[in-house]
Amino acid sequence: MKQNSSKIDANIEIRKKLARLAIFTVAGVLFIDQASKIWVKTQMYLDESISVFGDWFFIHFIENPGMAFGFEFGGEMGKLALSLFRIVAIVFIAIYLRKLIKQEANRGLIICVSLVLAGAAGNIIDSAFYGVIFSESPPFSPQTALMFPPDGGYSSFLHGHVVDMLYFPIIDTYWPSWLPLVGGDRLQFFRPIFNIADSAISVGMILILFNQKRFFASEEKIGEVAESESEEGVKV
């Protein structure tokens, strides 16, 4: 009886540690993401660019009314649908993360899912609240946005724009003129402008993809152990 009790206590402690790991990961990403966005929104004007490392890393302020990495999703109804979809996705990801913690899944998998959750939450905060709490950012103007402006924000709830600022034009040149179709055209890589939340989602998903055998193999073992334990309990 004592052995079973100590094992239960050990499992509870493991789950608490995994829960704290998930909470710290989500909170850390959200803090960095929102701090960077608020700084950019209140200190830079729209389309302003600041060089960080030469010609291949810039802080370039744009606002994205649509999807990740600067892609747009059509119109006001499209924006509303995207915001609602993000909220639903966050709920499902949070439920899945809770399940992983209960199953005592691989720590790496829990960190990756937490990164995806934090990234999705970071962008929905922009969509849901930035239109309400910020004034508009005029393009090519020395005027920057105000936080909690006296006349109200630039949009309504769930219709805010996502703030993007990370720009890595690692390659910025032109195709050779002798090439057919693209000769003389500009060649840029990497063109999309994104934010910390987008990075968290991408890193989390890529790591899951490349480590799926290790992550989900351990999850299968956990299921097998739980199943064998339940069968032993029935026999007793």
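These legends describe close-up views of a predicted model.

**View 1. Confidence along the protein chain.** The mean pLDDT of the protein chain is 85. Of its residues, 83% reach 70 or more. Residues 228-236 have a pLDDT below 50. Beyond near neighbours in sequence, this stretch has one contact in the model. Where pLDDT is low, the predicted coordinates should not be read in detail.

**View 2. A stacked pair, Phe53 and Trp56.** Eight aromatic pairs turn up in a search of the whole structure. One of them joins Phe53 and Trp56: the ring centres are 5.8 Å apart. The planes meet at 15°, and planes under 30 degrees apart count as stacked, so this pair is stacked. Phe53 is partly exposed, with a relative accessible area of 48%. Trp56 is also partly exposed, at 43%.

**View 3. An edge-to-face pair, Tyr130 and Phe134.** Here the ring centres of Tyr130 and Phe134 lie 4.9 Å apart. The angle between their planes is 70°. Tyr130 is buried, with a relative accessible area of 2%. Phe134 is buried too, at 0%.

View 4. Helix 3 covers residues 107-133, which makes 27 residues. From first C-alpha to last, helix 3 reaches 37 Å. That is close to the 39 Å expected at 1.5 Å a residue. Asn106 caps the N-terminal end. One of the side-chain oxygens of Asn106 lies 2.6 Å from the backbone nitrogen of Gly108. Look for Ser127 next: a kink of about 35° is centred on this residue. Helix 3 is mostly covered, with 21 of its 27 residues buried.

**View 5. Positive phi at Asp47.** Asp47 is not a glycine, yet its phi is positive, at about 75°. Find Asp47 in the loop between helix 1 (2-43) and strand 1 (49-53). Asp47 is partly exposed, with a relative accessible area of 28%.

**View 6. Positive phi at Leu158.** Leu158 is another residue other than glycine with a positive phi, near 70°. Its place is the loop between helix 3 and strand 3 (162-167). Buried means under 20% relative accessible area, and Leu158 has 9%, so Leu158 counts as buried.

How values were computed:
Residues numbered from 1 in each chain as written. Predicted model: local features only at pLDDT ≥ 70, side-chain atom pairs only at ≥ 80, totals over all residues. Heavy atoms only, no water. Phe/Tyr/Trp six-rings, centres within 6.5 Å; stacked < 30°, edge-to-face > 60°. Buried < 20%, exposed > 50% of the residue type's maximum accessible area, 1.4 Å probe, protein only. pLDDT = per-residue confidence, 0-100. Contact = heavy atoms within 4.5 Å. Helix = DSSP H or I, 4+ residues; strand = E, 2+ residues; numbered from the N terminus. Expected span 1.5 Å × (residues − 1). Bend = angle between axes of the 7 residues up to and from the residue. Polar contact = N/O pair within 3.5 Å; in protein donor to acceptor, adjacent residues only side chain to side chain.
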